[in-house]
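Have the model open in your viewer and a selection tool at hand. We will take the stops one by one, each with something to select and something to look at.

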Amino acid sequence: MLSYAIRRVLQMILVLFFVSLLVFVFIKLAPGDPARLIAGMTATPDTVEIIRHEFGLDRPYHIQFARLLVGLFSARLKSLTYRAPIRDLVIERARASIELGLVALLLTVIISIPFGVISALTRGSPADYAISLLALVGISTPVFWLAIILMSVFGIHLGILPISGRGATIGGWSFVTLDGLRHLVIPGVALAAIQLALNTRLTRSSMLEILNQDYLRTARAKGVKTRVVIIKHAFRNAMLPVLTNVGIQIGGFLSGAVLTETVTAWPGLGRLMFEAISRRDEPLIIGLTFLSAFAAVFGYVVVDLLYALVDPRITYE
Amino acid sequence: MSKKTLTLFVLTVLLPGSGHLLRRRWKTGFFFLGLLLIEGVTALLAGQQGLLWGVWYSSGRQVVSSLLLYISIALTWTGALWSVCRRTKKEERALRGYWEHAMEKLSRDTKGITGGVIICAVILIAIFAPFYAIHDPIDMDFMHTLEGPSALHPFGTDDYGRDLMSRIFFGSRVALGIGAGATLLNMVWGGLLGIIAGFYRNAVDSLIMRFLEVIGSVPYLILVIFIIGIFGSSIKMLIITLGIFGLAPARIIRSKVLSIRESDYVTAAKASGARDFYTILRHIIPNSMAPLLVVTTMQIGVNIIIVAGLSFLGFGISPPTPSWGSMLQEAQQFIVVNPWLGLPPGIAIMLTVLGFNLVGDSLRDALDPTLAI
């Protein structure tokens with residue numbers, strides 16, 4: 001178990017190294033001169049040169065990449081447009097993102113698992129059809145459109161919810177104030193929608209698969225009550241792939257929120273990413289891409305390790 | 001030629017589908033009649049705008065549409081003639097294989113049919129957009145901006161006074177074109193990677209898998225925004241980026257190939273000295289076709305949503321080219337003045353993607369119910 005954990009972590013570091021290399025190569029392949037971009041179109045060639053030197057853009061590529069890696073880990077990498085360390089920017093925005101992600105995750109888990117289970121248990125019934133169709137509509141709906149619709153219905157037409165921003169915060173958290181909570185509703189629902197639909201489908205198919213297993217038939221045959229069979233035998237086993245998916249989503253929520261956060265002006269990491277790319281802020285783009293890759297890979301590894309703990313059948317040789 | 005066959009033939013030449021009705025093949029008959037009706041309406045609309053003969057004198061965008069209209073009318077006739085002379089279903093039942101069986105299952109699934117009808121409608125609109133659109137999609141009219149629905153503008157107008165319905169119709173070309181183009185690349189490139197990784201195992205496999213892991217560790221949308229944001233966007237760039245980095249098919253195909261590889265017929269082929277290339281072409285590809293088809297169908301929907309999302313953020317299709325995503329971006333700016341603006345493009349995206357997802361779901365049920373997607 002321990003050696004497996006160590007191997008997985010080493011693998012993770014390797015993957016992250018290649019991710020940062022990939023990102024670096026792409027940025028260097030891109031047309032255009034970042035120094036010129038920062039200086040502005042009216043700057044003199046001298047100013048451009050000074051900026052180029054200031055940000056180390058005139059060094060050889062391997063040194064630039066090494067400096068970048070060192071900067072990433074020592075958290076000293078500076079944003080070009082904000083002129084502030086990326087670490088500070090990320091910490092400043094992270095609370096908003098974590099908050100939003102947790103709300104979306106909570107909504108996903110609370111709604112999708114019961115719906116998926118009901119749908120599987122009543123297979124072929126009108127309830128099953130309704131849930132399946134709704135889930136399919138859910139994965140077909142673009143999040144940003146859903147956010148716009150929610151904003152225009154609840155924000156403008158009915159006027160009961162604010163349409164953008166975070167509202168009042170205490171210590172950087174908005175869920176502690178009533179105003180902040182109201183601001184969380186629209187982005188939270190929009191962000192949750194797709195994952196909710198995906199998770200419902202997954203729960204349903206996972207439950208259906210388990211319900212066909214022999215050991216379930218055995219349990220029923222020996223007279224175990226239906227409720228006990230479903231809860232103890234089916235549900236617990238069916239939850240494994242669902243929890244994997246939820247674990248992966250935690251990483252995804254942090255970054256998958258680019259669209260939701262941009263549309264609802266939620267000042268989180270997703271919106272920061274959008275701003276970074278619009279302004280071609282190289283270090284910030286790299287830092288954020290790295291962070292989202294880190295969150296995703298970390299999610300995978302944690303889920304993998306939890307699996308080994310939860311399911312005794314899995315042994316990693 | 002017997003007298004009965006001659007009657008059928010003449011009837012079909014006069015009106016495709018009528019011959020089928022005479023032989024009580026209702027479904028096929030009404031299918032051809034419906035096709036003819038749609039083509040008739042399209043031709044009428046085209047004629048009304050003086051575009052029907054566009055192919056002869058105009059160099060504008062209606063040329064392709066006119067040509068395709070002629071081709072589809074010709075195909076309707078030849079198809080009807082060909083199918084009326086064919087054996088009926090009952091006589092053919094003995095000949096059926098895996099794909100025919102799946103098709104039959106598919107044709108009975110309400111989900112699949114609904115999705116198919118939606119997709120056909122969108123394709124029809126995309127091809128014949130110049131005929132169905134009453135206005136030019138980029139014609140501005142500053143006297144009538146941000147209007148609600150009216151007889152002249154069924155879906156209203158946007159902030160430049162452009163007709164929303166025409167923009168939706170032309171926007172379907174962008175959505176479908178990029179969606180289909182990128183997905184085709186996904187299918188070929190992702191399928192190839194999956195087949196090679198699954199078939200050769202060992203070093204090649206782990207190399208490809210590590211590559212997939214690196215690409216997969218960055219969330220798809222972030223990766224695509226990153227690349228498009230850096231290299232600039234054009235339709236070609238969008239297709240290439242989505243095509244190369246949408247690697248969802250590769251993993252699924254690989255796991256399928258792994259199981260096919262262990263099957264007896266592959267072992268037999270190897271034992272009898274078949275070359276790898278032959279085995280892949282003859283055994284691996286045909287047998288991994290079913291999951292590939294299901295995954296690609298779903299992938300078209302994903303790609304359409306991603307393109308819309310990119311355009312919405314301003315990294316995708318640049319104005320004035322009408323695209324559903326950038327229309328939503330405009331709609332958001334005027335959400336207070338005219339909340340109606342965001343409805344048509346959003347519904348267009350949702351319905352199109354829903355169509356592909358419905359068909360994908362139904363395809364999975366028919367071809368490979370164990371596939372976990």
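A nonpolar core here means a set of buried Ala, Val, Leu, Ile, Met, Phe, Trp, Tyr and Cys residues joined through C-beta atoms within 7 Å. A residue is buried if 20 or more other C-beta atoms lie within 10 Å of its own, exposed if 12 or fewer, and partly exposed in between, with C-beta atoms placed from the backbone. The model is predicted: local features need pLDDT of at least 70 and side-chain atom pairs count only at pLDDT 80 or more, while totals for chains, interfaces and linings use all residues. Residues are numbered from 1 along each chain as its sequence is written, and chains are lettered from A and ligands numbered from 1 in the order in which they are written.

**Stop 1: the core**

Select Val143(A), Phe144(A), Ala147(A), Met273(A), Val224(B) and Ile225(B); among the 132 residues of the largest nonpolar core, these touch the most other members. Helices (H or I, at least four residues) and strands (E, at least two) are DSSP runs, numbered from the N terminus.

Which residues does Val143(A) touch, leaving aside those up to four places away in sequence? They are Ala190(A), Leu191(A), Ala193(A), Ile194(A), Leu259(A) and Thr260(A), where contact means C-beta atoms, placed from the backbone, within 7 Å.

**Stop 2: where the chains meet**

Colour the two chains separately: 35 residues of chain B are in contact with 38 residues of chain A. On the chain B side, H11 (202-217), H12 (220-231), H17, H18 (324-333) and H19 (343-367) each supply at least two residues.

**Stop 3: two crossing helices**

Stay in chain B and select H7 (residues 98-107) with H19(B): their axes come within 9 Å and cross at roughly 130°. Axes are lines fitted to C-alpha atoms, for helices over the stretch in contact, and angles run from 0 to 180 degrees between N-to-C directions. Show Ala102(B), Lys105(B) and Leu106(B) in H7(B), which meet Ser362(B), Leu363(B), Ala366(B) and Leu367(B) in H19(B).

**Stop 4: an exposed glycine**

Go to Gly34(B), in helix H3 (residues 26-48) of chain B. Why is Gly34(B) counted as exposed? Because Gly34(B) has 11 C-beta neighbours inside 10 Å.

**Last stop: chain B as a whole**

Zoom out to find 19 helices and zero strands in chain B. Buried residues make up 40% of its 373 residues.
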